[in-house]
Amino acid sequence: MSQLSVAYCQTDEMTELNAERWADSVYQSLTIEERIGQLVFARANQSGQDYIEEVGGLIQKYNIGGVVFFKHDPISQALKTNEWNHLAKTPLLIAIDAEWGLGMRLSNTVNYPLQMTLGAVQNNALLYQMGKEIAEQSKRMGIHINFAPVVDVNNNPANPVIGMRSFGEDPENVSVKAYHYMKGMQDHGLIACAKHFPGHGNTSVDSHVDLPVIDASKSELKNIELLPFQYLIDKGVSSIMVAHLSVPSLENRKKKPSSLSVKIIDGFLKDKMEFKGLVIPDGLDMQGVTKHVKQNKVALEAYKAGNDLSLIHISEP
């Protein structure tokens with residue numbers, strides 16, 4: 001190894017060490033209430049609508065950890081990001097769904113092909129390059145985490161919500177394609193998030209409107225739905241989003257959403273699958289969870305199950 005390479009590696013290690021020291025020093029400076037606030041992510045806006053002004057109050061009063069942006073235009077989002085960060089004691093973590101690029105949420109920005117199309121691409125290096133480009137575009141917008149890739153296996157043609165968002169019906173192809181997309185993002189400074197654990201592909205119900213049931217054995221789940229998640233875990237994916245699903249083979253309590261299940265998150269995802277990264281529930285305002293758990297209990301149940309954050313709050317608790 002050349003002296004320049006050694007120097008680069010040492011610099012990289014020092015940067016990571018300094019980042020850890022900074023995070024520790026900030027954490028130690030926070031009150032218990034502020035530390036709790038850091039676990040909360042607020043909804044910035046309803047899709048295509050103005051930004052929710054109450055979010056500024058949540059930032060100032062509770063020192064919340066981050067904001068999730070939805071459909072709008074890039075200039076307005078950049079200005080609002082700057083405004084809210086100016087109010088924040090601790091820098092906000094900014095998140096967005098950009099499965100096929102920022103164009104999924106922001107007007108006049110780049111749209112890449114949907115994942116179903118990408119599933120047919122023969123040169124996986126192109127997916128890595130796409131991930132790199134999305135990372136660079138996101139960083140220019142002040143975005144830190146992209147809730148992508150979708151690693152659901154599209155094995156139910158009646159699925160109302162996944163469909164073209166999936167790389168396809170072959171679990172191995174989904175795994176490899178998702179890895180290259182994820183790797184391109186993470187190598188260039190954007191946090192990737194594999195979703196929707198433990199797999200939303202084989203459903204005929206949209207978890208935005210109710211709680212889907214996955215009637216598959218553990219063996220079937222391992223060979224199909226869970227295979228891409230395990231592949232990305234082994235390859236170092238930074239975060240995983242847990243869906244609102246009823247999965248009787250993993251959680252025997254009826255109508256217990258996977259996003260609120262200790263057995264599924266702590267017992268299976270963390271212990272059995274050995275995931276050590278950030279665990280994020282799907283939006284806690286979705287009816288797949290709010291129809292079955294009192295709204296004022298949802299966030300607490302999510303933390304007790306093993307989630308590290310709670311999405312998405314739109315008003316004071």
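K89 counts as exposed, with a relative accessibility of 52%, where exposed means over 50% relative accessible area, buried under 20% and partly exposed in between, computed with a 1.4 Å probe on protein chains only. The model is a predicted one, in which local features need pLDDT of at least 70 and side-chain atom pairs count only at pLDDT 80 or more, whereas totals for chains, interfaces and linings use all residues. Residues are numbered from 1 along each chain as its sequence is written, and side-chain values use heavy atoms, with hydrogens and water left out.

Side chains of opposite charge can pair when their charged atoms come close. A salt bridge is taken here as a side-chain nitrogen of Lys or Arg within 4 Å of a carboxyl oxygen of Asp or Glu, and a search of the whole structure finds 14 salt bridges. In one of these, K89 is joined to E34, with the closest N and O atoms 3.1 Å apart. Because K89 lies in the loop between helix 4 (74-87) and strand 3 (93-96) while E34 belongs to helix 2 (residues 32-37), the pair ties together parts that are 55 residues apart in sequence; helices (H or I, at least four residues) and strands (E, at least two) are DSSP runs, numbered from the N terminus. E34 counts as buried, at 17% relative accessibility.

A salt bridge also connects the side chains of E53 and K80, at 3.6 Å from N to O. E53 is found in the loop between strand 1 and helix 3, and K80 in helix 4, so this pair ties together parts that are 27 residues apart in sequence. E53 is exposed, with a relative accessible area of 51%, whereas K80 counts as buried at 9% relative accessibility.

E99 and K195 form a further salt bridge, in which the closest N and O atoms are 2.8 Å apart. This pair links distant parts of the chain, 96 residues apart, since E99 lies in the loop between strand 3 and helix 5 (115-118) and K195 in strand 5 (residues 191-197). E99 is buried, at 2% relative accessibility, and K195 is buried as well, with a relative accessible area of 1%. Through shared partners, salt bridges join D97, E99, R105, R165 and K195 into one network.

Turning to the aromatic rings, the structure holds five aromatic pairs, where rings of Phe, Tyr and Trp (its six-membered ring) pair if their centres lie within 6.5 Å, and planes under 30 degrees apart count as stacked, over 60 as edge-to-face and the rest as tilted. Y179 and Y231 make an edge-to-face pair, with 6.2 Å from centre to centre and 85° between the planes. The pair links distant parts of the chain, with Y179 in helix 7 (residues 171-186) and Y231 in helix 9 (residues 226-234), 52 residues apart. Y179 counts as buried at 18% relative accessibility, while Y231 counts as partly exposed at 29%. The charged end of K235 sits over the ring of Y179, 5.3 Å from its centre, a term that requires NZ of Lys or CZ of Arg within 6 Å of the ring centre and within 35 degrees of the ring normal.
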